[in-house]
Amino acid sequence: MMAYFFPLLGAAISDSWLAKYHTIVYLSIVYFIGTILMAVFSINGLVAQYGSYPIWTAMFPLTLVALGTGGIKPCVSSHGGDQYLPHQTEALDWFFAMFYISINTGSLFSQYITPLLKEKVVCWGTQCYFASFTLPALLFGIALIVFIMGFKHYRVVPAIGEFLPWKALKGTVYAVKKYSSATADERQRRGNWLNFAEEQVGPLFVEEIRMFGRVLGMILPITFFWMIYDQQGTEWQEQYEMMNKSWGAFVITTEQSSIFNTIFILIFVPICAKLLYPFLERRGIRFYLLRRMAVGFFLVILSFGVSGGLQYVVKSNYDPVSDADGKVIACPNCLHGAWQLPQWALLSLGEAMLSPTGLQFTYTQVGRQMNC
């Protein structure tokens with residue numbers, strides 16, 4: 001929850017004072033400290049014995065991680081977009097696709113390797129959470145160093161130097177007051193009601209507020225997309241838990257099951273960007289950004305319809321094998337986990353159409369002062 005709240009803070013800091021580059025660097029340091037503390041606190045016997053850790057040993061470093069990841073979240077993709085000139089639309093399109101591919105490439109390895117390290121490595125007499133947390137901390141530290149070293153190559157858009165959310169709110173409230181007390185002639189002369197804020201914040205920023213309001217109205221329904229989408233981390237994993245997890249010589253655990261989403265994303269994003277969208281364009285079908293997002297939305301809805309139908313079959317075939325303590329150790333007669341692949345494919349194709357496109361849409365449709 002905190003990771004998805006702190007982007008508001010990161011965007012405000014970036015647009016108002018620090019600019020994107022320095023916001024990313026400073027909050028990434030906070031992020032990095034959080035990942036290190038997660039690894040250190042997981043050492044068995046350092047703070048407490050395994051199984052009896054006080055809650056702060058998790059919540060304090062995770063809060064730092066949430067502040068870091070949330071704070072840089074609105075800045076990273078838009079900082080990348082700043083490197084392109086206005087006429088480089090195709091290159092910008094491919095950048096947002098590659099950006100999303102990069103995220104999911106990292107996710108592919110982390111989702112598979114970190115649970116494996118925890119289970120297969122023993123340290124301080126127990127499961128090695130230390131190894132699982134140290135690996136991403138190390139890789140994140142390397143990534144941060146590489147990013148900082150590239151500073152001289154970046155186009156850094158400077159911050160405005162004032163708190164933009166407050167400026168936008170102040171201008172909007174001022175416009176409402178002036179419009180409500182204005183005569184009919186004044187309203188007709190000014191045109192749009194928001195134009196009454198020009199004397200307070202200037203005509204350029206009034207246009208930025210207007211653009212932001214339009215984009216916000218288009219983006220708000222996407223919150224329902226993510227409300228549905230994130231059920232894959234709960235409902236779909238619970239469904240997979242009731243299925244046969246043996247994939248020949250491999251066993252894909254419930255913790256690792258979301259790897260299917262990542263694999264499909266790595267397939268579908270470049271296919272959409274380099275094959276599907278250009279193919280439609282060549283045949284005169286303008287598959288605009290909002291159209292891509294709308295199709296992606298309905299594909300995700302369809303994926304959960306498929307999942308709901310599959311759940312009836314999964315429950316009717318659930319026949320687990322348990323040990324003496326009642327813990328499920330196998331489910332050989334249960335429906336195989338491969339039956340989840342169609343719903344993962346639909347979900348991932350919908351995400352491939354909506355998420356990187358949404359990043360590009362908001363970046364290109366919001367004014368330059370508020371595009372973080």
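The lining of the second largest cavity comprises 6 nonpolar, 4 polar and no charged residues, where Ala, Val, Leu, Ile, Met, Phe, Trp, Tyr, Cys and Pro count as nonpolar, Asp, Glu, Lys and Arg as charged, and the others, Gly among them, as polar. The model is predicted: local features require pLDDT of at least 70 and side-chain atom pairs pLDDT 80 or more, whereas totals for chains, interfaces and linings use all residues. Residues are numbered from 1 along each chain as its sequence is written, and side-chain values use heavy atoms, with hydrogens and water left out.

The residues lining this second cavity are Ser42, Ile43, Asn44, Cys123, Trp124, Thr126, Gln127, Cys128, Tyr129 and Phe130. Strand E2 (126-127) and helix H4 (129-149) are the elements that give two or more residues to this lining; helices (H or I, at least four residues) and strands (E, at least two) are DSSP runs, numbered from the N terminus. The volume of the second largest cavity is about 30 Å³.

In total, the structure holds 2 cavities of 30 Å³ or more. A cavity is a set of points, on a 1 Å grid over the protein atoms alone, where a 1.4 Å probe fits but cannot get out, and lining residues have an atom within 4 Å of a point. Grid points are joined across faces, edges and corners, and a volume is the space filled by probe spheres set on the points.

The largest cavity has a volume of about 90 Å³. Its lining consists of Asp93, Phe96, Ala97, Val269, Cys272, Ala273, Tyr277, Arg292, Ala352, Pro356, Thr357 and Gln360. Two or more of these residues come from each of helix H3 (89-120), helix H11 (259-282) and helix H13 (341-365). By class, the lining of the largest cavity has 8 nonpolar, 2 polar and 2 charged residues.

On the surface, Trp17, Leu18, Tyr26, Ile29, Ile33, Phe163, Trp166, Leu169 and Val173 form a nonpolar patch with about 870 Å² of accessible area together. Patch residues have over 30% relative accessible area and no salt bridge, and nonpolar side chains (Val, Leu, Ile, Met, Phe, Trp, Tyr) are joined within 5 Å. Areas come from the Shrake-Rupley method with a 1.4 Å probe; for residues, only the protein chains shown count as cover. A salt bridge is a side-chain nitrogen of Lys or Arg within 4 Å of a carboxyl oxygen of Asp or Glu. Helix H1 (2-41) and helix H5 (164-181) each supply at least two patch residues, and H1 gives the most, with 5.

Terms used
On a 1 Å grid over the protein atoms alone, a cavity is a set of points where a 1.4 Å probe fits but cannot get out, and a pocket is an open set with protein on both sides within 12 Å along at least five of seven lines; lining residues have an atom within 4 Å of a point. Patches are made of residues with over 30% relative accessible area and no salt bridge: like charges are joined within 9 Å, nonpolar side chains (Val, Leu, Ile, Met, Phe, Trp, Tyr) within 5 Å.
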